[in-house]
Amino acid sequence: MGTHVKVNDVWDALCDDPYEAMVMKTKSTAFLIIRHALQEETLSEAAILEKYKITGEQLFHLIKGNISKFTVEKLLELVLRTGHQYDFVFIPKGEASPSGS
């Protein structure tokens, strides 16, 4: 019979390193915000490239969901360019997160 392990997050299960899991959580959340904003855009492709300060290749990777093509910094910049803001909550090691996870 297999062993079952409970994880709080898919990235915790997929990543061996807690740092890598946190980076991927941040990237995936930012990516979802950006993808949603792009789907709502009524601008031309050229206007989108100018507004978000990205290349056509980067837009292609955003549309295709190629999250690995972007750094955390670039994704957070793009979140700001969508008009969103973000804030981080730093939790001391060993304490429960505000969400309970």
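Me: What is the relative accessible area of Arg35?
Reply: Arg35 comes out at 26%, which counts as partly exposed. Buried means under 20% relative accessible area, exposed means over 50%, and partly exposed is in between, using a 1.4 Å probe and protein chains only.

Me: Before I go on, what kind of model is this?
Reply: The model is predicted; local features need pLDDT of at least 70 and side-chain atom pairs count only at pLDDT 80 or more, while totals for chains, interfaces and linings use all residues. Residues are numbered from 1 along each chain as its sequence is written, and side-chain values use heavy atoms, with hydrogens and water left out.

Me: OK. Where is Arg35, and what does Arg35 touch?
Reply: Arg35 sits in helix H2. Leaving out residues up to four places away in sequence, Arg35 touches Leu62, Ile63 and Gly65. Contact here is heavy atoms within 4.5 Å. Helices are DSSP runs of H or I with at least four residues, strands are E runs of at least two, and both are numbered from the N terminus.

Me: What about Gln39, buried or exposed?
Reply: Gln39, also part of H2, has 58% relative accessibility and counts as exposed. From Gln39 to Ile63 the C-alpha distance is 9.0 Å, at a sequence separation of 24 residues.

Me: Which residues of H2 are buried?
Reply: Ala21, Met24, Thr26, Lys27, Ser28, Ala30, Phe31, Ile34, Ala37 and Leu38. As a general point, an α-helix has 3.6 residues a turn, so residues three or four places apart point the same way.

Me: What span should H2 have, and what does the model give?
Reply: H2 covers residues 18–40, 23 residues in total, so at 1.5 Å a residue the helix should span 33 Å; its end C-alpha atoms are 33 Å apart, which agrees. The expected span is 1.5 Å times one less than the number of residues.

Me: Zooming out, how many helices and strands are there?
Reply: The protein has five helices and zero strands. Of its 101 residues, 27% count as buried. Among contacts with a separation of 6 or more, 51% come from residues 24 or more positions apart.

Me: At what angle do H2 and H5 pack?
Reply: About 35°, with the axes of H2 and H5 (residues 72–81) 9 Å apart. Axes are lines fitted to C-alpha atoms, for helices over the stretch in contact, and angles run from 0 to 180 degrees between N-to-C directions.

Me: Which residues make that contact?
Reply: H2 supplies Val23, Thr26, Lys27, Ala30, Phe31, Ile33 and Ile34, while H5 supplies Val72, Leu75, Leu76, Leu78 and Val79. They divide into 10 nonpolar, one polar and one charged. Nonpolar covers Ala, Val, Leu, Ile, Met, Phe, Trp, Tyr, Cys and Pro; charged covers Asp, Glu, Lys and Arg; the others, Gly among them, are polar.

Me: Switching to rings. How many aromatic pairs are there?
Reply: The count is one aromatic pair. Phe31 and Phe70 are 6.3 Å centre to centre with 55° between the planes, a tilted pair. Rings of Phe, Tyr and Trp (its six-membered ring) pair if their centres lie within 6.5 Å; planes under 30 degrees apart are stacked, over 60 edge-to-face and the rest tilted.

Me: Which parts does that pair tie together?
Reply: Phe31 is in helix H2 and Phe70 in the loop between H4 and H5, so the pair links parts that are 39 residues apart in sequence. Both Phe31 and Phe70 are buried.

Me: Lys74, buried or exposed?
Reply: Lys74 is buried, with a relative accessible area of 17%. Lys74 belongs to H5 and, not counting residues up to four places away in sequence, touches Tyr52, Lys53, Ile54 and Gln58.

Me: What is the phi of Lys53?
Reply: Positive, about 55°, although Lys53 is not a glycine. Lys53 is in the loop between helix H3 (45–52) and helix H4 (56–64).

Me: Last one: where is His84?
Reply: His84 is in the segment after H5 and is partly exposed at 39% relative accessibility. Its contacts, neighbours within four places aside, are Ile33 and Val79.
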